[in-house]
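Subject: Handover of a structure

Dear colleague,

Please find the structure below, together with its sequence.

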Amino acid sequence: MHSLVFIKQVPDAAQVRVDYETGTLIREGVPAIINPFDKHAIEAAVRIRDEFGGKVSVICMGPPMAEDALKEALSMGADNAYLLSDRIFAGSDTLATSYALWAGAKKIIEEEGPVDIFWAGKQAIDGDTAQTGPGIATRFNVPLVTYVIDIKKVDPEKKTMVVERLVESGREVIEVPMPCFLTVEEELNTLSFAPLPYLIKAARSKVAVLNSSNMEIDASYCGLKNSPTKVKKAFTPPKREKGEMIEGDSLDDILNTLYEKIAPVLKEMGKVS
Amino acid sequence: MIKQDISKYKHIWVFIEYENGEVAHVSLELLSKARELAKDLDCEVHAFTVGDKVEQFKDEIFKYGATKFFIIEDPFLKDYMTEPYRDSIVYMIEKYKPEVVLIGATTLGRDLAGTIATVLQTGLTADTTALDIDPKTKNLLMTRPTFGGNLMATIFCPDNRPQMSTSRPGVYKAVEAPVKGEVIKEKFEFDKSKYLKKIVEKIVEEGDKVNLGFYDIIVSGGFGMGAKENMKLVQELADVLGGTWAASRKAVQEGWAPQTRQVGQTGQTVHPKIYIACGISGAIQHQAGMKSSEIIIAINKDPDAPIFEIATYGIVGDVLEVLPKMTKMFKEKLGKA
Ligand SMILES: Cc1cc2nc3c(=O)[nH]c(=O)nc-3n(C[C@H](O)[C@H](O)[C@H](O)COP(=O)(O)OP(=O)(O)OC[C@H]3O[C@@H](n4cnc5c(N)ncnc54)[C@H](O)[C@@H]3O)c2cc1C
């Protein structure tokens, strides 16, 4: 079983704050982490490798510092790590990103052999688009299952998997032939602490760099200029003014004051005559 | 990048999502929004969908102003599956060349849209909360939150068509505008040996599916409610106010509320007239789903809780004390006692 996991290095969105003076995000001092959903994909791939044999490859597109994310993936038990890094990728939108990752994945398949399961998190916590995984799956023309919350069965002989996914009204159990592409939710598993042998192996492993000089890629599909979508403007949503703390001698007092404040609105809504 | 002759593309297409014989509300919201955009683009609003029995939706679709309804009916499309839906929809889009394609940002819509856009090699803007037409270029301007709602970006797609966007449920109002529309039936030949994925089982989460976007008063409970049984305090206040109840993700994770009532980045976006946050800290992911409520009332025992930064009115106190009193008082004042 060969798994290939697509991961992204992202700023820890929970720690990003807004500078309302300049209307920008304050990213200084915000740690770069592996996109939380992607970690669950790595975990699942490693567990399948441990049960059925095979290997786990991981690919991350990003600047040189994204190597840290790949090292962490190795310490979680991945076998091979690839950093897809080139100036030509700068400013890529999701269509261009899925193209670059697809080209990088093809190179990994050349080196490591065919992939049975492609994995990604359901979305990245910075962009939140949930588009890159489906885009790569479409380019490989393999069946896609999004929002996966459980791996129920893996049958390496029949080359099928049974997985459970979230849908709007509940859940669905899907049988999917391999190779397939899964995007996963955090509920998929709980992350385990890396056992020592993984850590030792990871410390010895190297992250391979893929770029336009050592893989086949058409630069005319990459980067800001060749991305169909462009950012017209980015802005911080207007800050809500901090409102009024309602105080009083007793809770009754406080609630009476609150009621007086919102009574006009309740009236307008026809809640009170 | 493949550039298309964009002058060949015309009209706005809205994808009709449905479940159990009912059109998803977000599709009606998008039809209504599309009518506004169509005025600026001087074009028509068309609806489209694929599935087993979908012509039945035509009356409702026409009631919301779509002048044409493009469909592919095939028993093979009975259940949603990414690949056959993608292929049949791409077939229609390539044939009729709509200028804009709008899809609800539901689990189904987000699953589908990315694969369609990739086949069509066009841009897609996910999860938008505002759509406008640029008066000069006539391009669609799609605004979406990123970084958990901390940053907004306005995206456009100048050289490729269709311009595609998924839009969050609950952002636009569904407004009726009946027309006499026309159904256009298409056929697509499936090579069934290509589609090997199958649904083994469907598990429907019974009874408690709710579109929070419908309500103008929402009382929401968080981890500060302390226990599942205390959520009934939230429900009681919601009942008295004639609204509905909701929850933070942490309350959902604790099993105190179903996921279908979660407000926030990974839940629903709401913008009621009054949002009452009870025992909710106000993490940015929660704020992302409720920040645009007209009035926010926060009850929290921690005076430094971030929710107070955005609350219109704040009460520092124990929810377990405040809520029963508040329910009782409002019941009297609203003449319901
Ligand atoms: C990728 C991602 C997506 C997320 N999506 C969402 C989302 O969609 N929606 C969402 O809500 N969260 C989401 N979260 C989680 C979010 O970061 C917070 O963890 C969550 O909102 C916290 O919920 P809470 O406010 O109920 O709980 P807590 O943060 O634990 O806050 C509880 C609050 O209750 C107060 N309290 C405790 N006891 C009482 C009492 N007796 N009376 C009054 N006040 C009391 C406390 O002071 C505290 O402020 C997401 C996180 C991530 C990483």
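Directly after helix α5(B), G242(B) adopts a positive phi of about 65°. Helices here are DSSP runs of H or I with at least four residues and strands are runs of E with at least two, numbered from the N terminus. This is a predicted model, in which local features need pLDDT of at least 70, side-chain atom pairs count only at pLDDT 80 or more, and totals for chains, interfaces and linings use all residues. Residues are numbered from 1 along each chain as its sequence is written, chains are lettered from A and ligands numbered from 1 in the order in which they are written, and side-chain values use heavy atoms, with hydrogens and water left out.

Helix α5 of chain B covers residues 231-241, and its buried residues are M231(B), L233(B), V234(B), L237(B), A238(B), V240(B) and L241(B). Buried means under 20% relative accessible area, exposed means over 50%, and partly exposed lies in between (1.4 Å probe, protein chains only). An α-helix has 3.6 residues a turn, so residues three or four places apart point the same way. The buried residues of α5(B) pack against α6 (251-268) of chain A, and also against β14 (217-221), β15 (244-247), α6 (249-253), β16 (274-278) and α9 (319-333) of chain B. Contact means heavy atoms within 4.5 Å.

Chain B as a whole has nine helices and 18 strands. Its radius of gyration is 22 Å, close to the 20 Å that the globule rule gives for 337 residues, so chain B is as compact as a globular protein of that length. The radius is taken over C-alpha atoms, and the rule is 2.2 Å times the number of residues to the power 0.38. Along the principal axes, the C-alpha atoms of chain B fill a box of roughly 65 × 50 × 35 Å. Of the 337 residues of chain B, 61% count as buried. Among the contacts in chain B with a separation of 6 or more, 63% join residues 24 or more positions apart.

Two peptide bonds deserve a look. The bond from R161(B) to P162(B) is cis, with omega near -5°, and P162(B) lies in the loop between β10 (151-156) and β11 (163-167) of chain B. The bond from M178(A) to P179(A) is cis, with omega near 5°, and P179(A) is in the loop between β11 (170-177) and β12 (180-184) of chain A.

Positive phi values also occur in residues other than glycine. K138(B), with phi of about 65°, is in the loop between β8 (130-133) and β9 (140-146) of chain B. At 37% relative accessibility, K138(B) counts as partly exposed. D128(A), with phi near 60°, is in the loop between β8 (117-121) and α4 (132-140) of chain A. At 5% relative accessibility, D128(A) counts as buried.

P114(A) lies in the loop between α3 (94-112) and β8 of chain A and, at 67% relative accessibility, counts as exposed. Leaving aside neighbours within four places in sequence, P114(A) is in contact with H2(A) and I109(A). P114(A) and M178(A) are 64 residues apart in sequence, and their C-alpha atoms are 11 Å apart in space.

Finally, the buried residues of α1(A) include F37(A), I42(A) and V46(A). Just after α1(A), G53(A) has a positive phi of about 85°.

Yours sincerely
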